[in-house]
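User: I'm new to reading protein models. Could you walk me through a few features and how to spot them?

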Amino acid sequence: MKLFIDTANIEEIKEVASWGVICGVTTNPSLIAKEGRSLSDVVEEIVSIVDGPISAEVMGDMSEQMVEEAEVLAKIHKNIVIKIPMTKEGLKAVSILSKKGINTNVTLVFSANQALLAAKAGATYVSPFVGRMDDLGNSGLNIIEEIVEIFDMHGINTEIIAASIRHTMHVTDCAMRGAHISTVPYNVLEKMLHHPMTDKGIERFKKDAGVK
Ligand code: E4P
């Protein structure tokens, strides 16, 4: 399973890129708004830090608007992936963009059927929202499992990005269920790094070796 970072914060992206563990970035309109900058400014900077898929979301409701926005964003860099919400108009846009060779990430996916439709329209990626599903009292992980099984069974190449990751166990669980990618917020990546026994072990090795 590949790891992406789910943020629009440049410092977080730089930091995690330096660990060598991420190969892509996902942003969304809320994350961009938090930075107080325009989407194009942010993604232009991100492509210079991470050499991998960078998702940038369109805001239009109609397929024509989405395609128009997508074409502008796609010109920024070859690694830009157009994030499109899972709607009827979104599917139309995905279908048009896939024929133009523009990569797409269908977002706000909450069921296996939505993922199947997105894949059939030609999506490069689908993003089921694990945490937001859990919030509703449904298991986000079950949806990941179903999509993985369906895509495997039917030889569908669309990659599954487990999104809306809230804690470290989500990452482990999505990996165990065969998600191709997890897009993980900075604070969760930080927590994945640490274990109290690792810190204790380092302390003891240093003490035994007489290193201060
Ligand atoms: C997906 O690509 C989204 O950016 C993100 O994972 C949403 O997560 P949230 O539910 O924590 O906002």
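User: Where does Leu108 lie?

Analyst: Strands and helices here are DSSP runs, with helices being H or I of at least four residues and strands E of at least two, numbered from the N terminus. Leu108 lies in strand S5, which takes in residues 104–109. Two notes before we go on. This is a predicted model, where local features need pLDDT of at least 70, side-chain atom pairs count only at pLDDT 80 or more, and totals for chains, interfaces and linings use all residues. Residues are numbered from 1 along each chain as its sequence is written.

User: Is Leu108 buried or partly exposed, and why?

Analyst: Count the other C-beta atoms (placed from the backbone) within 10 Å of the residue's own: 20 or more means buried, 12 or fewer exposed, and in between partly exposed. Leu108 counts as partly exposed because it has 19 C-beta neighbours inside 10 Å. Its phi is also positive, about 60°, although Leu108 is not a glycine.

User: What is phi near in Ser164, and where is that residue found?

Analyst: Phi of Ser164 is near 55°, again a positive value in a residue other than glycine. You'll find Ser164 in the loop between strand S7 (159–162) and helix H9 (168–176). Ser164 counts as buried because it has 22 C-beta neighbours inside 10 Å.

User: Which residues are around the ligand?

Analyst: A residue is near a molecule if its C-beta atom, placed from the backbone, lies within 6 Å of it. Ser164 is one of the residues around the ligand, and others include Asp6, Asn28, Thr107, Phe129 and Arg132. The shell divides into 2 nonpolar, 7 polar and 2 charged residues.

User: Which residue does the UniProt annotation "active site" cover?

Analyst: UniProt positions are given in the numbering used here, feature names are shortened, and annotations may be inferred rather than shown by experiment. The unreviewed UniProt entry puts its "active site" annotation on Lys83. Lys83 is found in strand S4, residues 80–85, and counts as buried because it has 25 C-beta neighbours inside 10 Å.

User: What is Lys83 in contact with?

Analyst: Contact means that the C-beta atoms of two residues, placed from the backbone, lie within 7 Å. Leaving aside neighbours within four places in sequence, Lys83 is in contact with Asn28, Ser55, Ala56, Glu57, Asn105 and Thr107. Asn28 and Thr107 are also among the residues around the ligand.

User: How far apart are the end C-alpha atoms of helix H8?

Analyst: The expected span of a helix is 1.5 Å times one less than its number of residues. Helix H8 (residues 140–153) has 14 residues and should span 20 Å, and its end C-alpha atoms are 20 Å apart, so the two agree.

User: Which residues of H8 are buried?

Analyst: In H8, Gly140, Leu141, Ile143, Ile144, Ile147, Val148 and Phe151 are buried. Seen down the axis, the buried residues of H8 fall within an arc of 155°, so they line one face of the helix. That arc is taken from the directions from the helix axis to the C-beta atoms. What covers them includes helices H6 (112–121) and H7 (130–135), strand S6 (125–128), S7 and H9. H8 is followed by Gly155, whose phi is positive, near 60°.

Key
Ala, Val, Leu, Ile, Met, Phe, Trp, Tyr, Cys and Pro count as nonpolar, Asp, Glu, Lys and Arg as charged, and the others, Gly among them, as polar.
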